[in-house]
Number of protein chains: 2
Amino acid sequence: MTRPPETQTLPIEAPTERPTLRTVAQATGFSVATVSRALSDDPRIALKTRKTVAEAAERLGYVPDRAARRLRTGRTQVVSLLLNTEHEFLGFTHEFLSGITEVLRGTGYSVTVVPDDIGEDRLDLVRNIMRNNLADGILFTRTECFDPRARLLMESGFPFVSHGRTDFTTPHAWVDFDNEAFARQAVERLVTKGRRRLSLILPEDRFSFTQHLRYGFLSAARAAGIEHEIVAGVTLDSPTPEIAEALRESRRGPTPPDGYICVGEVTALVTMAALVDTGATPGIDADVVAKRASPIFDNIRPRIETVFEDLRATGRAMAEMLLRRMAGEPPEDLHILFKPGQPDWNGGA
Amino acid sequence: MTRPPETQTLPIEAPTERPTLRTVAQATGFSVATVSRALSDDPRIALKTRKTVAEAAERLGYVPDRAARRLRTGRTQVVSLLLNTEHEFLGFTHEFLSGITEVLRGTGYSVTVVPDDIGEDRLDLVRNIMRNNLADGILFTRTECFDPRARLLMESGFPFVSHGRTDFTTPHAWVDFDNEAFARQAVERLVTKGRRRLSLILPEDRFSFTQHLRYGFLSAARAAGIEHEIVAGVTLDSPTPEIAEALRESRRGPTPPDGYICVGEVTALVTMAALVDTGATPGIDADVVAKRASPIFDNIRPRIETVFEDLRATGRAMAEMLLRRMAGEPPEDLHILFKPGQPDWNGGA
DNA sequence: CAGGGGAATTCAAACGTTTCAATAGACCAT
DNA sequence: ATGGTCTATTGAAACGTTTGAATTCCCCTG
């Protein structure tokens with residue numbers, strides 16, 4: 001091995017500049033190119049060299065400059081999370097985001113949060129990210145049956161994972177909760193409790209999970225041969241006062257519902273409030289089964305029956321999948337359907 | 001003005017590469033340097049030229065490459081939000097983040113979320129961001145009286161805004177909620193309702209807002225000459241079962257509290273549950289005043305009295321301040337103390 | 001008409017990587 | 001010695017900006 005001419009005459013520089021490849025190169029006597037290759041474990045570099053370089057880099061505290069790498073390779077080391085900021089989610093955002101960052105920590109990827117409100121052109125958002133190279137991958141929620149974002153991303157071959165399935169035939173990576181099973185289970189639980197007139201408020205029609213909920217609800221209710229209604233005129237995203245009014249309205253009839261299935265936590269609270277406000281007693285005159293994502297329901301009295309959707313695990317799964325997609329793995333087998341689980345009653349009283 | 005030699009002989013290229021400064025330069029006949037300066041409205045460039053260039057850039061859909069700019073200038077156009085992922089905040093994260101992104105949208109800055117859990121060395125996190133140039137500014141929450149992150153950032157002159165004040169004498173930018181006033185108001189409201197034995201659960205001692213709450217609570221309670229206790233052995237961050245147990249325990253005495261001040265939403269629910277579970281009726285045997293950040297309390301029955309902390313506005317304010325800090329404004333006058341407001345009862349029943 | 005001054009523009013270097021193509025040895029077989 | 005093959009390393013260009021210094025051009029003054 002050719003030892004380089006002695007360039008390192010100055011022993012220590014006081015202000016301790018941030019080390020670059022050049023610093024490491026000078027310290028080890030190799031060229032910048034070799035150091036770069038050594039650090040990426042390029043097999044063309046002698047093993048011994050790789051070790052030397054790795055040690056020097058460690059010792060000097062070398063960390064590659066993201067901007068430079070990004071400029072050179074075109075890869076941003078960034079993942080964008082499209083986040084709806086208009087609606088109320090209680091624990092949703094927090095848990096979901098926690099799961100994502102948990103997985104991404106230490107991978108060198110960072111998450112940027114991009115507000116994604118129905119108001120503007122959500123497609124432009126995605127286009128902007130792709131075109132201007134703002135991220136290597138995208139995560140989004142509130143997936144629609146024929147989600148235009150998914151379509152665009154698929155056409156471009158851009159890595160993404162959706163929270164929720166689509167109806168496209170081309171496969172893509174997704175993570176979803178089995179809302180059909182949830183609805184079915186909820187119906188069964190209410191039926192078991194002797195409830196005969198079930199009520200459900202659905203999300204907006206364009207979301208794919210709306211279809212799953214509807215199907216699960218309708219088929220289970222029909223199978224059980226009981227009365228059932230899907231509350232008209234409001235959706236999960238309606239302002240809570242409207243939802244409350246719709247619920248109270250539906251209770252004014254001669255035979256009001258005696259079993260409620262709530263897909264969101266807020267809706268569950270609204271439902272409970274509507275019951276109380278119309279003179280009914282939850283647990284006596286009607287039962288409520290709710291999907292819950294946060295532990296708050298442990299502390300609601302009277303207790304509500306809940307089915308747990310683990311959003312932190314969802315975030316984790318989506319981040320892991322996105323990593324695999326960005327590493328080039330085909331989307332064919334990248335999906336997870338979370339089954340409704342029991343809440344982790346770690347003693348919630 | 002010297003018209004350049006005709007370089008643009010090829011009229012249209014099919015694959016439509018992403019335009020760079022060079023593209024715009026070629027299209028206008030100016031040099032890359034001029035185009036760059038023109039786009040940044042450099043007064044040295046003739047006004048007419050600036051206009052021409054701006055138009056061409058617009059027409060071609062030119063957007064500066066962030067990586068290149070970042071490499072050259074050292075500025076990242078990124079803001080890091082240090083987010084605690086361990087604790088439960090209900091609407092906190094969502095509202096806060098929404099406020100931040102709302103302000104940052106269109107400024108060219110993006111937000112990255114960095115998990116900041118007490119477990120690891122939170123200082124290293126900050127050091128890492130500064131050293132490796134991962135952001136131009138930092139936002140963080142859960143500020144401590146002598147917050148080491150704040151100290152480090154101040155020493156380095158790195159732009160940041162904290163959610164919460166510190167006890168340092170050197171000024172820095174912060175946004176805070178007047179928790180002292182909140183505690184005081186809460187005491188007064190309970191006293192007005194005839195409550196004589198007040199109870200409060202505080203956050204961990206090291207947080208600066210804990211001191212404000214304590215002071216407000218103690219001084220108001222003493223002024224009113226009524227009994228008061230700060231629940232021992234648990235904090236706001238304790239697991240909810242522990243909080244619940246502590247509350248039930250405190251109700252076992254001969255004269256249990258009849259007025260509760262809850263600093264968090266979860267705690268408020270736990271308190272309500274503890275009351276019910278020990279046979280007391282909220283609103284009759286005891287009253288609860290809670291700080292609320294999300295609208296869910298509109299839908300809790302019986303209704304709780306709440307004081308609203310607008311976290312979306314807090315996020316907005318912090319983002320705005322950070323922009324000003326990053327633009328070089330000194331921190332002297334950059335602080336906002338949000339006064340406890342009335343909840344925006346837009347009709348919640 | 002030399003040359004000073006100012007306005008407008010351009011040149012070229014630099015930021016820190018990655019990577020293609022080239023080079024330098026070493027070893028082996030002719 | 002000559003050439004070939006293989007391994008280990010290096011030189012240099014490129015990614016798209018920004019910016020200090022240089023250049024060009026024109027007008028004006030003496």
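The model is predicted: local features need pLDDT of at least 70, side-chain atom pairs count only at pLDDT 80 or more, and totals for chains, interfaces and linings use all residues. Residues are numbered from 1 along each chain as its sequence is written, chains are lettered from A in the order in which they are written, and side-chain values use heavy atoms, with hydrogens and water left out.

**The two copies**

**Where chain A meets chain B**

- In chain A, 55 residues are in contact with 55 residues of chain B, where contact means heavy atoms within 4.5 Å.
- About 4600 Å² is buried between the two chains, and carbon and sulfur atoms give 57% of this area. Buried area is the accessible area (1.4 Å probe) that two parts lose on being put together, summed over both.
- His94(A), Arg105(A) and Asn299(A) supply 13% of the area that chain A buries against chain B, more than any other three residues.
- Between the chains there are 15 residue pairs in polar contact, both residues being at pLDDT 80 or more. A polar contact is a pair of N or O atoms within 3.5 Å; within protein, one must be able to donate a hydrogen and the other to accept it, and residues adjacent in sequence count only if both atoms are side-chain atoms.
- By class, the side of chain A that touches chain B has 25 nonpolar, 17 polar and 13 charged residues. Ala, Val, Leu, Ile, Met, Phe, Trp, Tyr, Cys and Pro count as nonpolar, Asp, Glu, Lys and Arg as charged, and the others, Gly among them, as polar.

**Salt bridges**

- Over all chains the structure holds 55 salt bridges, each a side-chain nitrogen of Lys or Arg within 4 Å of a carboxyl oxygen of Asp or Glu.
- Two salt bridges cross the interface of chain A and chain B. One of them joins Arg301(A) to Asp277(B), with the closest N and O atoms 3.0 Å apart.

**DNA strand D**

- Around DNA strand D there are 26 residues, and Thr34(A), Arg37(A), Thr49(A), Leu21(B) and Arg72(B) come nearest. A residue is near a strand if one of its heavy atoms lies within 4 Å of it.
- Sugar or phosphate accounts for 56% of the atoms of DNA strand D within 4 Å of the protein, and bases for the rest.
- Phosphate oxygens of DNA strand D lie 2.7 Å from a polar side-chain atom of Thr49(A) and 2.8 Å from a side-chain N or O atom of Ser36(B).

**DNA strand C**

- DNA strand C is surrounded by 27 residues, the closest being Leu21(A), Ser36(A), Arg72(A), Thr34(B) and Arg37(B).
- The residues near DNA strand C divide into 13 nonpolar, seven polar and seven charged.
- A polar side-chain atom of Tyr62(A) lies 2.9 Å from a phosphate oxygen of DNA strand C, and a polar side-chain atom of Thr49(B) lies 2.8 Å from one.
- A polar backbone atom of Ala46(B) is 3.0 Å from a phosphate oxygen of DNA strand C.
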